[in-house]
Amino acid sequence: MLLEKYKIDGHNEALQKAHSNRLAYCNTNIENAESIIEKLVAFQIAIPSWALGTGGTRFGRFSGGGEPRSLEEKIEDIGLLHALNKSSGAISLHIPWDIPENPAHIKALAAQHGLKFDAMNSNTFQDQPGQPLSYKFGSLQNVNKAIRRQAIDHNIEVIRHGVELGSNSLTVWLSDGSCFPGQLNFREAFQNTLSGLQEIYKALPDNWKIFVEYKAYEPNFYSTTVGDWGQSYLYSSKLGDKAYTLVDLGHHLPNANIEQIVSLLLMEGKLGGFHFNDSKYGDDDLTTGSIKPYQLYLIFNELVEGMDARGMDHATDLGWMIDASHNVKDPLEDLIQSVEAILIAYTQALITDRKALQEARQNNDVVKAQEILQHAFRTDVRPLVAESRLRAGGALDPISLFRKEKVREQLIKNRGTKTVATGL
Ligand SMILES: [Mn+2]
């Protein structure tokens, strides 16, 4: 289904007066509001194809109905999302869940919805039907050369699909590791993984990047072969200039200082991409900003500061993606919430008074430094985010419009109540 422009316009007209009042008040406290709005309009967050259904659980899945049944319907859903918020103009595909049978058609369909193809994701953490060799004991790290070869070939095939769609990056997340002491020789697992990644790296087109994603634990509970940012950095450094570390917010041990990790990776020019989500305990894949919004702000504060220090373009020089999905919300409403939380944290980072912060640091004025950060975090910047949506042609209040237009009810009518989208 499509959300007609006149419906968005009607919704915005009804809310315009109240919005203008809030925006005027907001602007009295923010000096560079215009340039912030421009940056927000440019900032796009890729939506993963696996976030459009309920899931994110290792146990039961409870479909909310109307889930997309095909890649075409996934693109349609992200198109709906993008029509509402104008900040979700990219899709991140997972192979083999979303193999494009007819790439030219898929590319054209995405373009109709204003969507680009962001990073491609390979999958060597599951066995697929008909797959000759099993990844039970790992893929690129495997002691068996033929299994390593199969995993390498799969990644090269993912690159090929991505080239056909106009993507220019590959995200590799490996579940490789061990569940018990003694199971693996750590060095051998590292070396096997490195040489596999080197072969995949060789298959990258010139303008491509490879993102090496790390994760502390799960599904392996004793060791993970790309287990933290240091290990990812080691692989990406050894691979070369096209290789970068990817930070997934849920892939750290509890209480890790993610903002510091981000800062140092940026300093070294090795931060490539980002997976947004939130968590209370582990890799919970909850809605971004739902549990620790202050941490999200602190991360964005380092991102903005570190990118500015290197003269990077906020919108294009890192891969911004959501990686979340769960069982109890409408997936599209959930994604609207995640994108909003990301844009709020980004805006708060943009209004942070860096000059004053630098002065406070220079004077070892710890109280002042904290005041500066918390002032930005406690500023209600939602009117600026809404204004950027309005200017880009989106809805002032996407969730209320989604509900008023009964989008989910229509999707259920078209697709049925029992549909289940591919994903975890
Ligand atoms: Mn991830």
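Trainee: What makes the largest nonpolar core a core, and which residues have the most contacts inside it?

Mentor: Happy to start there! This is a predicted model, and its largest nonpolar core has 105 residues. Such a set counts as a core because its members are buried nonpolar residues joined through C-beta atoms within 7 Å. Those with the most contacts inside it are Leu84, Ile91, Ile210, Val247, Val262, Phe300 and Ala345.

Trainee: Which helix gives the most to this core?

Mentor: That is helix α10, residues 331-350, with twelve residues. In soluble globular proteins, nonpolar side chains tend to be buried together.

Trainee: What does leucine 84 touch, leaving out residues up to four places away in sequence?

Mentor: Leucine 84 touches Leu3, Ile336, Gly394, Ala395, Pro398, Leu401 and Phe402. Each pair qualifies because the C-beta atoms lie within 7 Å.

Trainee: Why is glutamine 198 called partly exposed?

Mentor: Glutamine 198 has 15 C-beta neighbours inside 10 Å. Buried would need 20 or more, and exposed 12 or fewer, so a count in between is called partly exposed. Glutamine 198 sits in helix α6, residues 186-202.

Trainee: How do you know that the radius of gyration agrees with a compact globule?

Mentor: With 424 residues, a compact globule would come near 22 Å, and the protein has 22 Å, so the two agree. The C-alpha trace spans about 65 × 60 × 40 Å along its principal axes, and buried residues make up 46% of the 424.

Note on methods: Residues are numbered from 1 along each chain as its sequence is written. This is a predicted model: local features need pLDDT of at least 70, side-chain atom pairs count only at pLDDT 80 or more; totals for chains, interfaces and linings use all residues. Helices (H or I, at least four residues) and strands (E, at least two) are DSSP runs, numbered from the N terminus. Two residues are in contact if their C-beta atoms, placed from the backbone, lie within 7 Å. The radius of gyration is taken over C-alpha atoms; the globule rule is 2.2 Å times the number of residues to the power 0.38.
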